[in-house]
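Dear colleague,

I am handing over the structure below, and the notes that follow it say what was found. Please read them with the structure open.

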Amino acid sequence: MTTVHEPERAAHAHQHTKAIADQLARTAGHVSSIKRMVEDGRACTDVLIQLAAVRSAIDRASKLVLEDHLESCVRGAASNGGADEEWERLKKALDSFVR
């Protein structure tokens with residue numbers, strides 16, 4: 001029997017939630033446009049330029065998530081005595097993110 005784990009939810013508010021969600025929505029639309037470009041046989045160079053733009057957009061969203069994490073999660077953990085545990089979680093997440 002497989003156990004399904006609920007995703008962990010933040011116990012506190014994040015300042016950039018709307019900006020992150022908006023950025024990801026724009027990025028999803030951009031990816032759909034790129035898919036159509038590929039299906040329509042557009043030039044590889046045009047597709048690569050658009051893929052680079054999507055990568056940049058994801059980097060912007062990632063930066064906002066990291067800012068939120070540092071401002072909310074790490075700062076909150078430090079004030080509650082859980083800084084070491086939160087630091088380890090951040091390092092693990094960064095190891096997955098930066099490969």
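A search of the whole structure finds six salt bridges, a salt bridge being a side-chain nitrogen of Lys or Arg within 4 Å of a carboxyl oxygen of Asp or Glu. Please bear in mind that this is a predicted model, in which local features need pLDDT of at least 70 and side-chain atom pairs count only at pLDDT 80 or more, while totals for chains, interfaces and linings use all residues. Residues are numbered from 1 along each chain as its sequence is written, and side-chain values use heavy atoms, with hydrogens and water left out.

One of the bridges joins Glu67 to Lys63, with the closest N and O atoms 3.0 Å apart; the two are four residues apart in helix H2, and so are separated by about one helical turn (helices are DSSP runs of H or I, at least four residues, numbered from the N terminus). Glu67 is partly exposed at 23% relative accessible area, whereas Lys63 is exposed at 53%, where buried means under 20%, exposed over 50% and partly exposed in between, with a 1.4 Å probe and protein chains only.

Just after H2, Gly81 takes a positive phi of about 80 degrees.
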